[in-house]
Amino acid sequence: MSRIVTVGAGQLGPISHDEDRESVVDRLIALLESGAERNCDLVVFPELALTTFFPRWYTDEVSGHDHFFETEMPSPVTQRLFDAAARLQVGFCLGYAELTPDGERFNSYVLVERNGSIVGKYRKAHIPGHEAHEPWRPFQHLERRYFQESHDGFGVWRAFGGVVGMALCNDRRWPETYRVMGLQGAEMILIGYNTPMHYAPDPDQNALQGFHNHLVMQAGAYQNGAWVVGVAKGGIEEGVESLSQSAIIAPSGQIVAQAVTSGDVLISARCDLDLCSRYKDTLFDFARYRRPEVYGLITERKGAIAPPELP
Ligand code: CDT
(Lines give C-alpha, C1' and ligand atoms only; values in the text may rest on other atoms or scores of the structure.)
Protein backbone atom coordinates (compact mmCIF):
# COMPACT_ATOMS: atom_id res chain seq x y z
CA MET A 1 0.00 0.00 0.00
CA SER A 2 1.22 3.47 -0.89
CA ARG A 3 2.43 5.70 1.89
CA ILE A 4 1.80 8.81 -0.18
CA VAL A 5 -1.21 10.83 0.91
CA THR A 6 -2.08 13.61 -1.49
CA VAL A 7 -3.71 16.17 0.73
CA GLY A 8 -5.56 19.36 -0.13
CA ALA A 9 -6.11 22.30 2.17
CA GLY A 10 -9.54 23.60 1.17
CA GLN A 11 -9.27 27.16 2.38
CA LEU A 12 -12.50 29.14 2.58
CA GLY A 13 -13.04 32.84 2.15
CA PRO A 14 -15.69 34.61 4.22
CA ILE A 15 -19.13 33.16 4.91
CA SER A 16 -21.63 35.94 5.46
CA HIS A 17 -24.17 35.92 8.30
CA ASP A 18 -27.00 35.22 5.86
CA GLU A 19 -25.35 32.65 3.60
CA ASP A 20 -27.30 29.41 3.92
CA ARG A 21 -25.82 25.93 4.41
CA GLU A 22 -26.77 24.85 0.86
CA SER A 23 -24.61 27.58 -0.62
CA VAL A 24 -21.67 26.76 1.67
CA VAL A 25 -21.95 23.05 0.86
CA ASP A 26 -21.80 23.99 -2.83
CA ARG A 27 -18.53 25.81 -2.14
CA LEU A 28 -17.16 22.83 -0.20
CA ILE A 29 -18.10 20.44 -3.01
CA ALA A 30 -16.35 22.73 -5.53
CA LEU A 31 -13.18 22.50 -3.43
CA LEU A 32 -13.58 18.72 -3.16
CA GLU A 33 -13.88 18.56 -6.96
CA SER A 34 -10.69 20.64 -7.31
CA GLY A 35 -9.10 18.09 -4.98
CA ALA A 36 -10.26 15.23 -7.18
CA GLU A 37 -8.72 16.95 -10.22
CA ARG A 38 -5.41 17.03 -8.36
CA ASN A 39 -5.71 13.40 -7.26
CA CYS A 40 -6.18 14.31 -3.61
CA ASP A 41 -7.00 11.52 -1.17
CA LEU A 42 -8.18 14.02 1.41
CA VAL A 43 -9.33 17.66 1.45
CA VAL A 44 -9.15 19.43 4.80
CA PHE A 45 -11.65 22.23 5.47
CA PRO A 46 -11.47 24.94 8.17
CA GLU A 47 -12.95 25.21 11.64
CA LEU A 48 -16.69 26.07 11.69
CA ALA A 49 -16.80 25.66 7.92
CA LEU A 50 -20.58 25.65 7.49
CA THR A 51 -21.44 29.10 8.85
CA THR A 52 -20.10 32.52 9.60
CA PHE A 53 -17.91 32.75 12.72
CA PHE A 54 -20.88 33.49 14.98
CA PRO A 55 -19.00 33.81 18.34
CA ARG A 56 -18.16 37.35 17.22
CA TRP A 57 -21.70 38.36 18.26
CA TYR A 58 -23.27 38.31 21.74
CA THR A 59 -26.76 36.99 22.38
CA ASP A 60 -28.53 37.32 25.76
CA GLU A 61 -29.29 33.59 25.77
CA VAL A 62 -26.56 31.07 25.05
CA SER A 63 -29.11 29.32 22.84
CA GLY A 64 -29.37 32.47 20.73
CA HIS A 65 -26.96 31.05 18.16
CA ASP A 66 -28.32 27.50 18.11
CA HIS A 67 -29.40 27.85 14.49
CA PHE A 68 -25.69 27.90 13.60
CA PHE A 69 -25.22 24.43 15.20
CA GLU A 70 -25.65 20.97 13.67
CA THR A 71 -27.73 18.42 15.55
CA GLU A 72 -26.69 15.59 13.23
CA MET A 73 -23.76 14.81 10.95
CA PRO A 74 -24.41 14.12 8.18
CA SER A 75 -27.62 16.11 8.06
CA PRO A 76 -29.94 16.37 5.07
CA VAL A 77 -27.95 19.43 3.94
CA THR A 78 -24.44 18.06 4.52
CA GLN A 79 -25.30 14.61 3.12
CA ARG A 80 -24.49 16.04 -0.34
CA LEU A 81 -20.87 16.55 0.73
CA PHE A 82 -20.62 12.97 1.99
CA ASP A 83 -22.14 11.74 -1.29
CA ALA A 84 -19.65 13.84 -3.28
CA ALA A 85 -16.77 12.34 -1.28
CA ALA A 86 -17.91 8.81 -2.12
CA ARG A 87 -18.52 9.73 -5.77
CA LEU A 88 -15.11 11.41 -6.16
CA GLN A 89 -13.28 9.03 -3.81
CA VAL A 90 -11.87 12.00 -1.91
CA GLY A 91 -12.12 12.09 1.87
CA PHE A 92 -12.54 15.28 3.88
CA CYS A 93 -12.27 16.82 7.30
CA LEU A 94 -15.00 19.33 8.21
CA GLY A 95 -15.33 21.77 11.09
CA TYR A 96 -18.79 22.52 12.47
CA ALA A 97 -20.66 23.60 15.59
CA GLU A 98 -22.17 20.54 17.28
CA LEU A 99 -25.26 20.61 19.50
CA THR A 100 -25.70 17.25 21.21
CA PRO A 101 -29.02 15.67 22.25
CA ASP A 102 -28.04 16.53 25.87
CA GLY A 103 -27.76 20.19 24.94
CA GLU A 104 -23.95 20.32 24.98
CA ARG A 105 -22.25 22.61 22.49
CA PHE A 106 -18.90 21.67 21.00
CA ASN A 107 -16.61 23.08 18.33
CA SER A 108 -16.11 19.86 16.37
CA TYR A 109 -14.17 18.36 13.49
CA VAL A 110 -15.20 15.21 11.63
CA LEU A 111 -12.89 13.05 9.49
CA VAL A 112 -14.47 11.22 6.58
CA GLU A 113 -12.86 8.50 4.45
CA ARG A 114 -12.90 8.25 0.66
CA ASN A 115 -16.03 6.08 0.73
CA GLY A 116 -17.97 8.72 2.64
CA SER A 117 -17.86 6.94 5.99
CA ILE A 118 -17.01 8.75 9.23
CA VAL A 119 -13.61 7.77 10.66
CA GLY A 120 -13.62 9.86 13.79
CA LYS A 121 -14.68 13.05 15.48
CA TYR A 122 -12.69 15.58 17.48
CA ARG A 123 -14.10 18.19 19.87
CA LYS A 124 -11.98 21.28 20.52
CA ALA A 125 -10.04 21.19 23.79
CA HIS A 126 -8.63 24.74 24.09
CA ILE A 127 -11.50 27.24 23.93
CA PRO A 128 -10.17 30.81 23.59
CA GLY A 129 -11.77 34.20 24.09
CA HIS A 130 -14.26 35.14 26.80
CA GLU A 131 -17.63 34.19 28.34
CA ALA A 132 -19.26 37.56 28.95
CA HIS A 133 -20.13 40.45 26.65
CA GLU A 134 -17.15 42.83 26.50
CA PRO A 135 -18.41 45.95 24.71
CA TRP A 136 -14.94 47.60 24.73
CA ARG A 137 -13.85 45.19 22.00
CA PRO A 138 -14.46 46.12 18.35
CA PHE A 139 -15.96 42.64 18.00
CA GLN A 140 -16.54 39.78 20.38
CA HIS A 141 -14.72 36.44 20.61
CA LEU A 142 -17.30 34.53 22.68
CA GLU A 143 -16.18 30.98 22.03
CA ARG A 144 -16.11 30.43 25.78
CA ARG A 145 -19.79 31.39 25.94
CA TYR A 146 -20.95 29.19 23.09
CA PHE A 147 -18.68 26.14 23.38
CA GLN A 148 -17.76 23.77 26.16
CA GLU A 149 -14.24 22.50 26.66
CA SER A 150 -14.12 18.92 25.50
CA HIS A 151 -12.63 16.34 27.86
CA ASP A 152 -12.12 13.77 25.11
CA GLY A 153 -8.51 14.76 24.50
CA PHE A 154 -6.55 14.32 21.30
CA GLY A 155 -7.25 10.98 19.67
CA VAL A 156 -5.68 9.66 16.48
CA TRP A 157 -7.18 7.35 13.89
CA ARG A 158 -5.84 4.88 11.33
CA ALA A 159 -7.01 6.37 8.06
CA PHE A 160 -5.69 7.23 4.60
CA GLY A 161 -2.95 4.61 5.04
CA GLY A 162 -1.47 6.30 8.11
CA VAL A 163 -2.17 7.66 11.58
CA VAL A 164 -4.19 10.88 11.49
CA GLY A 165 -5.03 13.35 14.26
CA MET A 166 -7.15 16.49 14.46
CA ALA A 167 -7.08 19.79 16.31
CA LEU A 168 -8.87 23.11 15.97
CA CYS A 169 -7.52 26.62 15.77
CA ASN A 170 -6.40 27.73 19.24
CA ASP A 171 -5.26 24.14 19.94
CA ARG A 172 -2.43 24.72 17.47
CA ARG A 173 -0.75 27.25 19.74
CA TRP A 174 -0.24 24.69 22.54
CA PRO A 175 2.68 22.24 22.26
CA GLU A 176 0.77 19.65 24.31
CA THR A 177 -1.71 19.29 21.44
CA TYR A 178 0.89 17.93 19.05
CA ARG A 179 2.80 15.95 21.67
CA VAL A 180 -0.25 14.03 22.88
CA MET A 181 -0.91 13.03 19.27
CA GLY A 182 2.80 12.45 18.62
CA LEU A 183 2.83 9.98 21.51
CA GLN A 184 0.14 8.03 19.67
CA GLY A 185 2.21 7.94 16.49
CA ALA A 186 0.41 10.70 14.58
CA GLU A 187 1.79 11.08 11.07
CA MET A 188 -0.58 13.76 9.83
CA ILE A 189 -2.30 16.38 11.98
CA LEU A 190 -5.22 18.33 10.50
CA ILE A 191 -5.97 21.79 11.92
CA GLY A 192 -8.73 24.16 10.83
CA TYR A 193 -8.70 27.75 12.04
CA ASN A 194 -10.51 31.12 12.21
CA THR A 195 -7.97 33.66 13.43
CA PRO A 196 -8.99 37.33 13.53
CA MET A 197 -6.12 39.65 12.60
CA HIS A 198 -7.05 42.00 15.45
CA TYR A 199 -6.24 40.69 18.92
CA ALA A 200 -7.98 43.14 21.24
CA PRO A 201 -6.14 42.30 24.52
CA ASP A 202 -2.75 43.13 22.89
CA PRO A 203 -2.95 44.68 19.40
CA ASP A 204 0.85 44.57 19.09
CA GLN A 205 0.27 40.92 18.19
CA ASN A 206 -1.84 41.85 15.14
CA ALA A 207 1.11 42.18 12.80
CA LEU A 208 2.47 38.84 14.02
CA GLN A 209 -0.62 36.70 13.34
CA GLY A 210 0.85 35.13 10.20
CA PHE A 211 4.22 34.57 11.86
CA HIS A 212 2.71 32.97 14.97
CA ASN A 213 0.44 30.76 12.85
CA HIS A 214 3.30 29.20 10.96
CA LEU A 215 5.67 29.27 13.94
CA VAL A 216 3.49 26.99 16.05
CA MET A 217 2.48 24.59 13.27
CA GLN A 218 6.02 24.26 11.91
CA ALA A 219 7.33 23.60 15.43
CA GLY A 220 4.57 21.06 16.09
CA ALA A 221 5.35 19.24 12.86
CA TYR A 222 9.11 19.11 13.40
CA GLN A 223 9.06 18.24 17.10
CA ASN A 224 6.74 15.31 16.48
CA GLY A 225 7.89 14.19 13.05
CA ALA A 226 4.44 14.67 11.53
CA TRP A 227 2.82 16.37 8.59
CA VAL A 228 0.63 19.30 9.62
CA VAL A 229 -2.15 20.68 7.46
CA GLY A 230 -3.38 24.09 8.64
CA VAL A 231 -6.49 25.42 6.92
CA ALA A 232 -8.01 28.88 7.29
CA LYS A 233 -11.34 30.51 6.89
CA GLY A 234 -9.84 33.86 6.00
CA GLY A 235 -10.61 37.23 4.48
CA ILE A 236 -13.00 39.91 5.65
CA GLU A 237 -16.12 38.30 7.08
CA GLU A 238 -18.87 40.62 8.35
CA GLY A 239 -16.29 43.40 8.70
CA VAL A 240 -13.73 41.33 10.61
CA GLU A 241 -10.53 40.34 8.86
CA SER A 242 -9.17 36.86 9.53
CA LEU A 243 -5.85 35.29 8.65
CA SER A 244 -5.55 33.14 5.55
CA GLN A 245 -2.10 31.64 4.76
CA SER A 246 -3.22 28.00 4.93
CA ALA A 247 -0.18 25.76 4.84
CA ILE A 248 0.93 22.17 4.41
CA ILE A 249 4.01 21.49 6.53
CA ALA A 250 6.44 18.57 6.30
CA PRO A 251 7.88 16.64 9.26
CA SER A 252 11.03 18.68 8.69
CA GLY A 253 9.06 21.77 9.69
CA GLN A 254 9.26 23.18 6.17
CA ILE A 255 6.20 24.63 4.46
CA VAL A 256 5.67 22.73 1.21
CA ALA A 257 2.51 24.55 0.06
CA GLN A 258 0.92 27.81 1.13
CA ALA A 259 -2.17 29.76 0.11
CA VAL A 260 -1.29 33.21 -1.20
CA THR A 261 -4.86 34.49 -1.59
CA SER A 262 -7.62 34.88 0.97
CA GLY A 263 -10.67 33.44 -0.80
CA ASP A 264 -11.83 29.89 -1.51
CA VAL A 265 -8.75 28.10 -2.80
CA LEU A 266 -7.24 24.64 -2.75
CA ILE A 267 -3.55 24.07 -2.18
CA SER A 268 -2.21 20.54 -2.26
CA ALA A 269 0.87 18.44 -1.68
CA ARG A 270 1.95 14.83 -2.07
CA CYS A 271 2.84 13.86 1.48
CA ASP A 272 5.10 10.86 2.04
CA LEU A 273 4.15 9.47 5.44
CA ASP A 274 7.42 7.54 5.52
CA LEU A 275 9.23 10.87 5.89
CA CYS A 276 7.89 10.95 9.46
CA SER A 277 10.21 8.16 10.57
CA ARG A 278 13.23 10.25 9.51
CA TYR A 279 12.42 12.40 12.54
CA LYS A 280 10.53 9.97 14.77
CA ASP A 281 13.40 7.43 14.64
CA THR A 282 16.31 9.86 15.03
CA LEU A 283 16.35 13.20 16.87
CA PHE A 284 12.82 12.73 18.15
CA ASP A 285 13.04 9.06 19.05
CA PHE A 286 10.64 9.50 21.95
CA ALA A 287 11.21 6.05 23.47
CA ARG A 288 14.93 6.66 23.62
CA TYR A 289 15.24 10.32 24.53
CA ARG A 290 12.11 11.61 26.25
CA ARG A 291 12.20 12.11 30.05
CA PRO A 292 8.60 11.89 31.23
CA GLU A 293 9.78 11.48 34.82
CA VAL A 294 10.98 15.10 34.78
CA TYR A 295 7.92 16.47 32.98
CA GLY A 296 5.45 15.88 35.83
CA LEU A 297 4.44 19.55 36.15
CA ILE A 298 3.03 19.50 32.63
CA THR A 299 0.01 17.52 33.81
CA GLU A 300 0.09 18.32 37.55
CA ARG A 301 0.03 22.11 37.29
CA LYS A 302 -2.27 24.32 35.21
CA GLY A 303 -1.12 27.93 35.77
CA ALA A 304 2.48 29.03 36.24
CA ILE A 305 3.72 29.47 39.83
CA ALA A 306 7.02 31.31 40.13
CA PRO A 307 9.34 30.75 43.12
CA PRO A 308 8.74 33.09 46.08
CA GLU A 309 10.14 36.63 45.76
CA LEU A 310 13.60 37.07 47.25
CA PRO A 311 13.51 38.79 50.71
N1 CDT B 1 -11.01 30.14 16.56
C2 CDT B 1 -9.96 30.33 17.37
O3 CDT B 1 -9.65 29.49 18.18
N4 CDT B 1 -9.31 31.50 17.26
C5 CDT B 1 -8.26 31.89 18.15
C6 CDT B 1 -8.33 33.35 18.36
C7 CDT B 1 -7.73 33.72 19.65
S8 CDT B 1 -8.06 35.35 20.06
C9 CDT B 1 -9.41 35.28 21.02
C10 CDT B 1 -6.87 31.51 17.69
O11 CDT B 1 -6.09 31.03 18.52
O12 CDT B 1 -6.51 31.75 16.53
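Predicted model: local features only at pLDDT ≥ 70, side-chain atom pairs only at ≥ 80, totals over all residues.
Student: Where do I start, and how many helices and strands does the chain have?

Tutor: Start with the secondary structure: there are eight helices and 14 strands here.

Student: What does the radius of gyration say about the chain?

Tutor: You set it beside the value for a compact globule. With 311 residues, that value would be near 19 Å, and the chain has 19 Å, so the two agree. As for burial, 52% of the residues are buried.

Student: And how do I read the contacts between residues at least 6 apart in sequence?

Tutor: Look at how far along the chain the partners sit. In this chain, 70% of those contacts join residues at least 24 apart.

Student: How many aromatic pairs does a search of the whole structure find?

Tutor: Ten. One of them is phenylalanine 54 with tyrosine 146, edge-to-face, with 6.3 Å centre to centre and 75° between the planes. Phenylalanine 54 sits in the loop between β2 and α2 while tyrosine 146 is in helix α3, so this pair ties together parts 92 residues apart in sequence.

Student: Is phenylalanine 54 buried or exposed?

Tutor: Check the relative accessible area, where under 20% means buried. Phenylalanine 54 is buried, at 0%, and tyrosine 146 is buried too, at 1%.

Student: Which residues form an aromatic cluster?

Tutor: Phe54 and Tyr146 belong to one cluster, together with Phe68, Phe69 and Phe147.

Methods:
Residues numbered from 1 in each chain as written. Heavy atoms only, no water. Helix = DSSP H or I, 4+ residues; strand = E, 2+ residues; numbered from the N terminus. Rg over C-alpha atoms; globule rule 2.2 N^0.38 Å. Buried < 20%, exposed > 50% of the residue type's maximum accessible area, 1.4 Å probe, protein only. Contact = heavy atoms within 4.5 Å. Phe/Tyr/Trp six-rings, centres within 6.5 Å; stacked < 30°, edge-to-face > 60°.
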